[in-house]
Amino acid sequence: MFQQLSDTELMIMEYLWSQNIPKTFSEIKAFFEATTNKNWKKQTLSTFLLRLVKKEALYANHQEAKVTYYPALSSEEYYQQYTSQIIQTSFHGSLTSFISAFTGNKKLSASDKEELMDFLKGL
């Protein structure tokens, strides 16, 4: 079952998706301290990582001397599930209503229509 991530959880996942290798708690903490104003206490970051594991977005490998964390799903999988949930909950499952809202109910250009039609034919 899909669970939407908080902004901070998503920020952590974006970092891990960009790395392509498991990261330790210390590496994650050091990255955010060096690149953002996030000077999280150990407990704060631990809480975020635990939530991500419980949401099945993150794996925690306890087989090594240090726990390493890596994504349980790709960014594409997450955003597909996220978009699907938006369509189901906000647009009653109507892709047409979603596209209408997404485009601001404006007319699509001929090239956009053609690209969209090509995409739909490929489904």
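Okay, Asn61 to start: its bridge partner is Thr68, over in strand β3. Strand β3 covers residues 68-71, and β2 pairs with β3 in the antiparallel sense over 4 bridges. By pairing I mean that DSSP finds at least two bridges between two strands. Strands here are DSSP runs of E, at least two residues, and helices are runs of H or I, at least four, numbered from the N terminus.

Before I go on, this is a predicted model, where local features need pLDDT of at least 70, side-chain atom pairs count only at pLDDT 80 or more, and totals for chains, interfaces and linings use all residues. Residues are numbered from 1 along each chain as its sequence is written, and side-chain values use heavy atoms, with hydrogens and water left out.

So, the whole sheet: it's open, with 3 strands in the order β1-β3-β2, paired antiparallel. At the edges sit β1 (23-24) and β2 (58-61), each pairing on one side only.

Now the helices. Thr8 belongs to α1, residues 7-19. Is Thr8 buried or exposed? Thr8 counts as buried, because its relative accessibility is 18%; buried means under 20% relative accessible area, exposed over 50%, partly exposed in between, with a 1.4 Å probe and protein chains only. Leaving aside neighbours within four places in sequence, Thr8 is in contact with Trp40 and Phe48, contact being heavy atoms within 4.5 Å.

Last one: helix α6, residues 110-121. Of the 12 residues in α6, the number buried is 0, so α6 lies largely in the open.
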